Every structure is written in C-alpha cells, then in structure tokens.
Amino acid sequence: MADQYAIRPISADEYAAFRRVHDHSFNSGPAPAARWPRLRRQFEAERSLAAFDPALPAGLGLVGTTGVYSFQMAVPGAVFPVAGVTAVSVLPTHRRRGILRALMTRQIADIAARGEEPIAALWASETPLYGRYGYGRASSHAFFRFGRGEGALSALAPVSPELTLRLAEPGDAAADLAKVYDTVLSGQPGFFSRDDDWWERVLDDPAEERRGASPLRCTLATDGDGVRGYALYRSTPRWEEGTVLPDGVIDVWELVAADPAAGAALWRDLLSRDLVGEVTADLRPADDPLLYQLNDSRWARVRVVDNLWVRIIDLPGALARRAYSAPVDVVLEVADGLLPGNAGRWRLRSDGPGGTAECVRSDEAASIALDVRELGAAYLGGTRLATLAAAGLASELRPGAVNALSTAMSWDPAPWCPRIF
C-alpha cells in the first residue's frame, strides 16, 4: 500500500504541515511561537522526507515525516559525522499502511548514498519499531529519584578544596557550559557536538511549559582555572498540606563534569538543598559515577531504559573508524536486508588500544554470523556482543570469536547521550 504515497523532501512552505504531522503523532501541542526561528534554522529541509496521500485535499496531503540532523558524534576513540535521525512520525489516520517502512527504507538509502556518515543514530519513541530497519539498542540511560536526606555522599567521594560553586543565569553561562561539554565530548561515546542553536535548544525555557516550576537554573563548579562542571535544574516549591512541612522538588535537567570532584561537588549541593523533599534526575548515564559516590546507592531508586539506537550505514567504514579495547582478528558473516552493500563476509582486524583497524571483504570462513542490527547495538561499546550471542542474536562459528570481539568492542566509559534530539 505504501507505493501510493509519494515520498520526497519538503519545500520551505511545507514546514508547518510537517510540524502538524509531528504534533499529531506525538500527541503534543504546537511549539511556542518564540521557538520557531530556531526550529527553522536547525531543520535541514534537504534531508527531510515526507509521505503524501494523493487522496487528500491540496495542502493536507502530508501524512508521514522523518528528518536528519547532520552533526558530529563521539564513538569509541573518534569523533565523526553521524546522521541524527529525528521527527519520525505517521498520522494516526494512516498507520499500518507501510508508510513508516517506506520512509525509513528511503532515508537509510539516502544516508548511504550521501557517503559522509558511517552510522545513523536515533531515540526510539517505542522500542519495537526500529530493529526491523537494522537499528540496534546501543546505549542506556538511568532515572534517579531521591527523597529528603537520601542522597548523602560517602566520605570516600572526592573533595577538591579549590572548587567553589556559584549560581549563574543559564543563558549568560552558555559559553562556560559549552567549554565543559566540549571537554567531555571527545571521550564520551554518544555525545554529539552542539553549536549555538543546539545550546539554545538545551536552554530553551518558555514560561508556559514550566508547569509551576522555576525558570531553568544553573550552578557552576569552578576553580582558579575556570569552570569544571555545571548543573542545569528546575525547582518546584511545594509544602505538605496541613503540616506546612517543606516538600519542594528539584529536577536535574543536565549535569556534566570534567572530573570526579566537580561532579561530586555539584551532586552534594543539589542533594542537600533546604526545603526540598525530592530530587529527580533523568537521562543520566546508566553507570553514573554518582552511584559509587553515594553513601547508599539503593536510595537512587534507579530505573534504566534504552538511550541511543545505532544503524550501521557503511559497514567497513564504521568498523574501521572506531577504536578497539583489545587486539582482534575475526571474520564476520553479516546480514543486512536494506543495504546489500553491507551484507556478506568481512574480516575485521585491529591492533587494539592506540592502534589502527581495517575491515575488508573476505573469502575466509566466518567466525561469527550476525545481523547488522547487532553490530549497531555493540558499536558504541555499551552493549556487549557476548550478551547478544547469549540471547541467541549472534552465532559463534569459531570457538572464542564472540568473546574476543565482545571484549574488543566494549569501551569505557559506556555510551551516553544526555539530550533527546
């Protein structure tokens, strides 16, 4: 049925219709008018795709969407161009007609034809959706919730006497925030580069969306050499009815630190604020160092869910451009139903840390057989290939090959993306 829907990039005057489909699909309201200039600047119309229903009246035919952000992302040992897939949606009236498959298939082919991005990455609105298009769950993030007094840090948590904390207006501190973020980026798989528009998006704070919370607030951890960490957060005043006991809420929007002591200082402050009954933090790394700095990590009430999903676009390019934690020499038998150029037998060799890697076609006997989806899941170093094999999602054809590749592809720190795109 999807063949009846024309698929093409949108023109400039179709952007409002594109947003309308997105809003209906995600059950959201229209973006505030003040946000539109930045949305339009960030939107890459030439990389958009939309599906059109010819049976609908002129101007109302747009029924499905997807887009791409062109940015640099950190992967193990490298930073290179990645296609940040976004705005994937189909109108509720047009579901189950093959429109999503047509959009995703065309988009993956377009990214491959562009020849600049070895992988694509996205956030999944629902986890069953994207595996069918070769995306694998490549990282996770955690949600924390602390009650009053439950977030005490251990005496072993680092303290840096030269560090001081100061409050700042988020917009005024944007340059300092960017310095910290960029310092962390190159060594943190999953971080993507932020230009001024991306920082505007992170700090976007329309009053009509606060729902009783304060404006976005900022605390900086600094020493004589500059800023070493920052926390962005909102607070909501709340008092227990009848007793008038303070029961405020702090919601940590983003906390990034260049070193352990700066991170500990920021958390120590936020978790001990007066008049606060609850501190929450979402989109935190699943292996957040905070969990090992706490006096009792159980009080974090950790919930872990999927974060980035990765799709290998250029298999030899992607595998050769990242680093490996150990030497490895394996032959992979890869299945890829959407990009035939990735399918077949590949020999991957790497010298290990600090060394080079190459991935070339091979006629040798395969060591491991797997789908491109599982390579995407393991690509950022956070999903162990051995775990996927234990789940029956990869087949070991030479004894020891799975553990060898799993060890080589694993990476520290684990991948983490702190912001949905």
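## Strands and their partners

Two strands count as paired if DSSP finds at least two bridges between them. Keep that in mind as we walk through this structure, which is a predicted model.

Let's start with strand β3, residues 62-75. Its partner β4 covers residues 78-90, and the two pair in the antiparallel sense over 11 bridges. One place to look is G64, whose bridge partner in β4 is V90. Together β3 and β4 form a hairpin with two residues between them. In that turn you can find G77, which has a positive phi of about 75 degrees.

## The other neighbour of β3

Strand β2 (residues 49-52) is also joined to β3, this time by four bridges, and the two run antiparallel. Here A50 stands opposite T65 in β3.

Is β3 largely enclosed or left open? Of its 14 residues, 12 are buried, so the strand is largely enclosed by the rest of the structure. Buried here means under 20% relative accessible area.

## A sheet of five strands

Now move further along the chain. Five strands make an open sheet with mixed pairing, in the order β17-β16-β15-β18-β19. Which strands stand at the edges? They are β17 (357-361) and β19 (394-396); each has a single partner strand, so one side of each is left without a neighbour in the sheet. On average, neighbouring strands of this sheet are turned by 25 degrees against each other, direction ignored.

For a closer look at one pair, take β16, residues 344-350: five bridges join β16 to β17, and the two run antiparallel. Within this pair, R347 stands opposite V360 in β17.

## Helices on the sheet

Helix α9 (residues 372-379) packs on the sheet, where it touches β15 (328-335) and β18 (368-371). The direction of α9 makes about 90 degrees with that of β18.

Helix α11 (residues 401-409) packs on the sheet as well, touching β15, β16, β18 and β19. Its direction makes about 100 degrees with that of β15.

How many residues does the largest nonpolar core have? It has 46, and those with the most contacts inside it include I119, L319, L332 and F421. Leaving aside residues up to four places away in sequence, L319 touches Y324, L332, L348, A357, C359, L375, Y379 and M409.

There is also a second, separate core of 37 residues. Among its members are I10, L62, L103 and I111.

Conventions:
Residues are numbered from 1 along each chain as its sequence is written. This is a predicted model: local features need pLDDT of at least 70, side-chain atom pairs count only at pLDDT 80 or more; totals for chains, interfaces and linings use all residues. Side-chain values use heavy atoms; hydrogens and water are left out. A nonpolar core is a set of buried Ala, Val, Leu, Ile, Met, Phe, Trp, Tyr and Cys residues joined through side-chain atoms within 4.5 Å. Buried means under 20% relative accessible area, exposed over 50%, partly exposed in between (1.4 Å probe, protein chains only). Contact means heavy atoms within 4.5 Å. Axes are lines fitted to C-alpha atoms, for helices over the stretch in contact, and angles run from 0 to 180 degrees between N-to-C directions.
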